[in-house]
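Please read them with the sequence and the structure side by side.

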Amino acid sequence: MKTLIHIILIILAVILQISFLPNINLFGGMANLILLIMISLFFVDREKEALLWLLLGGLLLDLLSPVRFGIFFFPMLIIYFSIRFFTRKLFTNPSIFISLFFFFFASVFADLLWLFYDSSLSTLVIMLANA
């Protein structure tokens with residue numbers, strides 16, 4: 001029953017992410033609701049639920065958004081395993097400041113990965129077109 005509730009909430013969050021949040025400009029960027037909820041669940045010791053949000057939310061965002069496939073899922077996957085590694089090896093009991101650092105780092109890292117992913121594919125297409 002809990003999984004069904006999470007699936008319904010993920011679907012609602014993806015719809016909100018695709019339809020409403022692109023119209024809200026936050027310092028030149030857009031909030032990624034799935035990423036924020038995934039990190040929040042991770043830091044309240046709900047790793048399995050965070051992984052569900054990552055897998056289902058990331059794939060739904062990729063399937064329903066007009067951008068290239070993988071632009072949401074793969075950066076979130078890298079962020080999830082990075083946070084998992086650091087919280088198990090370095091920060092076994094993270095404080096609120098460490099959690100805020102990970103929120104900030106994950107947001108910036110995700111934006112940089114999306115920028116790199118988008119520009120590298122565009123460059124590859126241009127290179128292939130000129131060959």
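The points below go from the overall fold to one helix, and then to the charged side chains.

1. Everything said here concerns a predicted model. The chain has five helices and zero strands, so that reading along the sequence gives the pattern α-α-α-α-α. Among contacts between residues at least 6 apart in sequence, 61% join residues that are at least 24 apart.

2. Of the 131 residues in the chain, 29% count as buried. The accessible surface of the chain comes to about 8500 Å², and carbon and sulfur atoms account for 75% of that area.

3. Helix α1 covers residues 2-19, and its 18 residues reach 26 Å from the first C-alpha to the last, which is close to the 26 Å expected at 1.5 Å a residue. Which residues of α1 are buried? They are His6, Ile10, Ala13, Val14 and Gln17, and because they cover an arc of only 100° around the axis, they lie on the same side of α1. An α-helix has 3.6 residues a turn, so residues three or four places apart point the same way. The cover over the buried residues of α1 includes α2 (33-43) and α3 (47-64).

4. A nonpolar patch on the surface is formed by Met1, Leu4, Ile5, Ile8, Leu9 and Leu12, which together have about 620 Å² of accessible area. Leu4, one of the residues of this patch, is found in helix α1. Is Leu4 buried or partly exposed? Leu4 counts as partly exposed, because its relative accessibility is 47% and that class lies between the 20% and 50% limits.

5. In α2 the buried residues are Ile34, Leu35, Met38, Ile39, Leu41, Phe42 and Phe43. After α2 comes Asp45, a residue whose phi is positive, near 60°.

6. How many salt bridges does the count come to? The count comes to three. Side chains of opposite charge can pair when their charged atoms come close. One of the salt bridges is formed by Glu49 with Arg46, whose closest N and O atoms are 3.2 Å apart. Glu49 is buried, with a relative accessible area of 14%, whereas Arg46 is partly exposed, with a relative accessible area of 38%.

7. Glu47 takes part in a salt bridge with Arg84, at 3.4 Å from N to O. This pair links distant parts of the chain, since Glu47 belongs to helix α3 and Arg84 to helix α4 (residues 73-89), and the two are 37 residues apart. Glu47 counts as partly exposed at 25% relative accessibility, and Arg84 is also partly exposed, with a relative accessible area of 27%.

8. The side chain of Glu47 also meets that of Arg88 in a salt bridge, at 3.2 Å from N to O. Because Glu47 lies in helix α3 and Arg88 in helix α4, this pair ties together parts that are 41 residues apart in sequence. Arg88 is partly exposed, with a relative accessible area of 47%. Through salt bridges that share partners, Glu47, Arg84 and Arg88 are joined into one network.

Definitions and conventions
Residues numbered from 1 in each chain as written. Predicted model: local features only at pLDDT ≥ 70, side-chain atom pairs only at ≥ 80, totals over all residues. Heavy atoms only, no water. Helix = DSSP H or I, 4+ residues; strand = E, 2+ residues; numbered from the N terminus. Buried < 20%, exposed > 50% of the residue type's maximum accessible area, 1.4 Å probe, protein only. Contact = heavy atoms within 4.5 Å. Areas by Shrake-Rupley, 256 points an atom, 1.4 Å probe, with all protein chains shown as cover. Patch = residues over 30% accessible without salt bridge, like charges linked within 9 Å, V, L, I, M, F, W, Y side chains within 5 Å. Salt bridge = Lys/Arg side-chain N within 4 Å of Asp/Glu carboxyl O. Expected span 1.5 Å × (residues − 1). Arc of directions from axis to C-beta.
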